[in-house]
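Please look over the sequence and the model below.

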Amino acid sequence: MELLEERIRRDGVVKPGGVLKVDSFLNHQMDIALFTAMAEEWKRLFAAKPINKILTIEASGIGIAAVVGHVLGVPVVFAKKTQSINLDGTMYSTRIQSFTHNRVYDVIVSTRFLGADDHVLIVDDFLANGCALRGLIEICESAGATVEGIGIAIEKGFQPGGDDLRDAGYDVQSLAIVETMDPATGAIEFRR
Ligand code: 5GP
């Protein structure tokens, strides 16, 4: 998506260790006009899918997912990070390794908000190794819900998550795929 690529080139900051900082427009300060254009693009890409729910993970997926839910006219559920899992059958849970914080989180979704009738579009800001998405897919499997697609703002194509999920048969639509980025020059190349 041209608009997002231009914005990443203009305002993204390439950090050492394969980290792209986009906090001026995506995951700290948020450009809602840009999110709306992104949501319209996913609406077009997933038009054939009977999506009735958006699923994301806190915190940085929530802003984008909220706008997608508004544009598609469906509810948005976010998986919560938690310290204490109460295994009383009222929640689905999984463990997720965080790429940016280098630690493991327990995440939960209430059984009230996800079930076998749901056709889910999973939305997140970044796709790197795919740990966050695999956790969300596992939660959908526990609920008996169908994963109709995965909408990602920025995929880092030099990390394996996106291609692994496509190979596993998931419809992954990333609006910008970074192929290479150089912390010394700040140069960013996108996949065509
Ligand atoms: P994964 O689980 O695919 O390895 O990483 C995805 C999660 O890590 C995303 O939810 C995102 O919050 C975070 N993340 C991964 N790479 C980056 C990055 O380069 N920049 C930022 N800002 N977040 C990232």
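Gly162 lies in helix α5, residues 161-167; helices here are DSSP runs of H or I with at least four residues, strands are runs of E with at least two, and both are numbered from the N terminus. With a relative accessibility of 1%, Gly162 counts as buried. Buried means under 20% relative accessible area, exposed means over 50%, and partly exposed is in between, with a 1.4 Å probe and protein chains only. Gly162 and Ala128 are 34 residues apart along the chain, and their C-alpha atoms are separated by 7.3 Å.

The model is predicted, so local features need pLDDT of at least 70 and side-chain atom pairs count only at pLDDT 80 or more, while totals for chains, interfaces and linings use all residues. Residues are numbered from 1 along each chain as its sequence is written, and side-chain values use heavy atoms, with hydrogens and water left out.

Ala128 leads on to the ligand. Which residues come nearest to the ligand? Of the 17 residues around it, these are Leu20, Ala128, Asn129, Gly130 and Lys156; a residue is near a molecule if one of its heavy atoms lies within 4 Å of it. By class, the shell around the ligand has eight nonpolar, six polar and three charged residues. In this scheme Ala, Val, Leu, Ile, Met, Phe, Trp, Tyr, Cys and Pro count as nonpolar, Asp, Glu, Lys and Arg as charged, and the others, Gly among them, as polar.

A nitrogen atom of the ligand is 3.4 Å from a side-chain N or O atom of Asn27. The side chain of Asp124 has an N or O atom 3.0 Å from an oxygen atom of the ligand.

The elements that give two or more residues to the shell around the ligand are β2 (19-21), β7 (119-127) and α4 (131-143). β7 gives the most, with four residues. Lys21 lies in strand β2 and counts as partly exposed at 37% relative accessibility. Lys21 and Ile8 are 13 residues apart in sequence and 9.1 Å apart in space, C-alpha to C-alpha.

Two buried residues in strands make side-chain contacts. Thr94 is found in strand β5 and is buried, with a relative accessible area of 6%. Its side chain makes a polar contact of 3.2 Å with the side chain of Glu138. Lys53 lies in strand β3 and counts as buried at 13% relative accessibility. The side chain of Lys53 reaches the backbone oxygen of Phe113 at 2.9 Å and makes a polar contact of 3.3 Å with the side chain of Asp118.

The loops remain. Most residues other than glycine have a negative phi, and most peptide bonds are trans. A cis peptide bond, with omega about 0°, joins Glu58 and Ala59; Ala59 is in the loop between β3 (53-57) and α3 (61-72). Asn102, a residue other than glycine, has a positive phi near 55°. Asn102 is in the loop between β5 and β6 (104-110) and counts as exposed at 65% relative accessibility.

The loop between β4 (76-82) and β5 (91-97) holds Gln83, which counts as exposed at 71% relative accessibility. Gln83 and Glu40 are 43 residues apart in sequence and 36 Å apart in space, C-alpha to C-alpha. Asp88 is also in the loop between β4 and β5 and is partly exposed, with a relative accessible area of 42%. The C-alpha atoms of Asp88 and Ile8, 80 residues apart along the chain, are separated by 44 Å.

How values were computed:
Polar contact = N/O pair within 3.5 Å; in protein donor to acceptor, adjacent residues only side chain to side chain.
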